[in-house]
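Please look through the model shown here with this note beside you. The points are numbered so that each can be checked against the picture in turn.

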Amino acid sequence: MTARRFKANETVDFAVVGSGAAGGVLARELSQAGFSVLVFEQGPRFSPADFEHDELKYFFLSGLTVDPKSSPQTFRKRADVPAQRPGGPTGTQPALYARLVGGSSNHFTANYWRFHEIDFRERSVLGAIPGTGFADWPITYQELEPYYTKVEWEVGVSGLAYASPFDPPRTKGYPMPPLPVKSSGVLLERGARKLGLHPFPAPMAIASQPFRGRPACVHCGFCMGFGCEARAKSSSLYTMIPEAEATGRCEVRAHSYVYRVAINAAGRTTGVHYFDADRRERFQKARAVVLSANGAETVRLLLNSTSNGFPQGLANSSGLVGKYLMFNQGAAAHAVFENELNEYKSVQVTRIVHDFYDTDPKRGFYGGGGIDGRINPQPALWAMSEGGELPRWGADLKARIEAFPRSMVATGHTTSLPLETNNVSIDPTLKDAWGIPALRVTYQDHPDDLAFARFLQDRQVEIMQAAGAQKVWRDQVQENEAGVHLLGTCRMGNDPATSVVDKYHRTHDVPNLFLCDGSSFVTSGRGQPTMTIQALAFRAAEHIGQFAKRNEI
Amino acid sequence: MSSSDADQDDISRRSFLLSGGGLLSSVWIAAHWPAIAAAAHHAEDAAAGPESAGFEFLNTAEAADVEAICAQIVPSGATPGARETHVVYFIDRALATFFSATSPDYRAGLTQFRAAYRASNSTPGSFAESGSDAQIAFLKTVDRTPFFETTRTLTLLGMFSSPKYGGNFGGAGWKLMGFADQHAFIPPFGFYDREYTGFIPYTTGKPA
């Protein structure tokens, strides 16, 4: 079957906004279940050959990511200071994501940690944290487990089941063995084991052997920030999207920017307004709408879709649309060893440590996280690394640059507490190139988030020292002023007063409008959200499909 | 606040972001990747050889001083530094094209740098014309200024990004770094994974 092309006046069963980690899964699951699905994507569609190893273009000139020139955003730390476009009139994006078919699943690093059981019920176990929106999820790990397994087997994850004593229960092993260990993995493992910790092979959404028609990784080293020209990275572009199109019931419409969700007098959505590639305004009729536009853009779309019935934004009777934004925290520790590691080769991460995953109340602050061994493999970004004790210029900097092959980093990935004051909102004056009000991010880390990042960094330093590093440098733990993990902004819950969607991702306010992406998170996890975003999407799709078949939408 | 102070604040803000930090992964990107991008879109790759183009943004005297600063950031020696990798041509081209939005602030900072150097120096002559010791001594007094931060960022970006942007001449930056520009590798990748004998499971009571 070839991909469907819907006619302009056709009504589709589902309009899915966003083709990334969540949108891809929903498109595939709903179309395979027999529904007609039209997926909207703001950006272009790349073929594998379109992806380049061009650090400057991708990291500095928005080669894949949302472009500050056409889609500006503003940032402020607190509501009482003015929001600014960071970096001056042409700079930066506080809510950073990839804008192309497959979304940020193209350029992610592909760390695929499952959440642990504790992530879903931390509030019950630890108690309230005053001044925060710390809460339990309305679902448990056990409810989500089958869908984690689905991600591993249908999207494609390489790993070693039961290798970690901290792993949550699972019904099935991984479909592919771990990727070949790198020297950073060997050294992380060596140091951690010496300290009595339990390092284990990293689960990665990258094919370690041929998988479902895709080839194995060729170890080019350009994962983080780049698209995979080998099709080994399990991005939606290569996994869910083609399988959705193969049903003959799904169309992925690139260069199509949805800017408003339509609502009728009965309080039901009737479809979406969008700009086509020529910036013409179009309307697509749909029986139901699913927003998977990411934890920032889903919010902007809802808040820009005001109407008489929804004066403060669609599905926002709780006032919580956009609130509780969580970026995750964490810091790096750099090390140099005697011999060559050549960390610029192959996938970023091959070994991780989860011994500090859980919060320990004895520390005096909330927080948990994981550690991985890696390097920032791109030469210019690595050379630019600054902060803490790293040399900045002169002979010392040159010596550090020449030690690149002997260098690695132990990176911490840690929690962010949900704060109502951290949020995505609409900038009161700034508009994008289409005339649509722009995103504004307000964010300042909770002191506990910084405290735990510092705590974990100490462990990272100890591991590298135990591994025999000649020298270890610490980075500064810094306050987030931007994020790629866009979490928590339309949180799920049972109570319509304290959440935006229910446990099936249906908005409390609009019966045929669903939200499924990082916005659904209640807590932040430990810095690797995409696996859980996709598990939620598989689960959501199953329930949404059942509702539709029972005529309950 | 005078307009030049305002400019300085703007430069300060941008350069702070430009200079980035050393974090990695999600956090590194979160803090710095988006913030680094200070420019308009790059239309397409810059043109052919750097010398043939000449300088588009900097004048000759400015270029000499910028190159001298770059050469202190990554010095020459037994191995190539910023000078041999044509970083100043990259910077000039970047400011003329894909980072042109930064160029007014950059020129303001450069002008201020050159004036401050003349004021601090009892003997006549530009920064570029001075000896290395004098250059280093002066840079130590200004190496937290926005202008220096931006120059540092551009130096490293020019030296280690693709040669097609005008720096990293002949891939010499990558060679200095020990980075191989290839599209595929096979394990072992380094010294330590060569000797690795396999993952030894923990006794967890679960199937291994």
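1. At what angle do helix H6 (residues 103–120) of chain B and helix H8 (residues 146–160) of chain B pack, and how far apart are their axes? In this predicted model, the two helices pack at an angle of about 115°, and their axes are 9 Å apart. These two values are given together because two packed helices are described by the angle between their axes and the distance between the axes.

2. The crossing in which H6(B) passes H8(B) is left-handed. On the H6(B) side the contact involves Tyr106(B), Gly109(B), Leu110(B), Gln112(B) and Phe113(B), which meet Pro146(B), Phe147(B) and Thr150(B) of H8(B). When the residues of this contact are sorted by kind, 5 are nonpolar, 3 are polar and none is charged.

3. Turning to chain A, an open sheet is formed by 6 strands in the order E4-E10-E11-E12-E9-E15, with antiparallel pairing. At its edges stand strand E4 (200–201) and strand E15 (471–474) of chain A, and each has a single partner strand, so one side of each is left without a neighbour in the sheet.

4. Within this sheet, strand E9 (residues 332–336) of chain A pairs with strand E12 (residues 407–414) of chain A in the antiparallel sense over 5 bridges, and Val336(A) stands opposite Ser407(A) in E12(A). Helix H10 (residues 447–466) of chain A lies across E9, strand E11 (369–374), E12 and E15 of chain A, and its direction is at about 150° to E12(A).

5. Chain A also has an open sheet of 3 strands, in the order E3-E14-E13, whose pairing is mixed. Here the edge strands are strand E3 (73–76) and strand E13 (423–431) of chain A, each of which pairs on one side only. On average, and with direction ignored, neighbouring strands of this sheet are turned by 35° against each other.

6. In which sense do E3(A) and strand E14 (residues 437–442) of chain A pair? Their pairing is parallel and runs over 4 bridges, and Gln73(A) has Leu439(A) in E14(A) as its bridge partner. Helix H7 (residues 297–304) of chain A lies across E13 and E14 of chain A, running at about 60° to E13(A).

7. A last point concerns Gln32(A), which lies in helix H1 (residues 21–32) of chain A. Gln32(A) is partly exposed because 17 other C-beta atoms lie within 10 Å, a count between the limits of 12 or fewer for exposed and 20 or more for buried. Although Gln32(A) and Thr247(A) are 215 residues apart in sequence, they are 6.1 Å apart in space, C-alpha to C-alpha.

Definitions and conventions
Residues are numbered from 1 along each chain as its sequence is written. Chains are lettered from A and ligands numbered from 1 in the order in which they are written. This is a predicted model: local features need pLDDT of at least 70, side-chain atom pairs count only at pLDDT 80 or more; totals for chains, interfaces and linings use all residues. Two strands pair if DSSP finds at least two bridges between them. Two residues are in contact if their C-beta atoms, placed from the backbone, lie within 7 Å. Axes are lines fitted to C-alpha atoms, for helices over the stretch in contact, and angles run from 0 to 180 degrees between N-to-C directions. A crossing is left-handed if the near helix is turned anticlockwise from the far one by less than a right angle, and right-handed if clockwise. Ala, Val, Leu, Ile, Met, Phe, Trp, Tyr, Cys and Pro count as nonpolar, Asp, Glu, Lys and Arg as charged, and the others, Gly among them, as polar.
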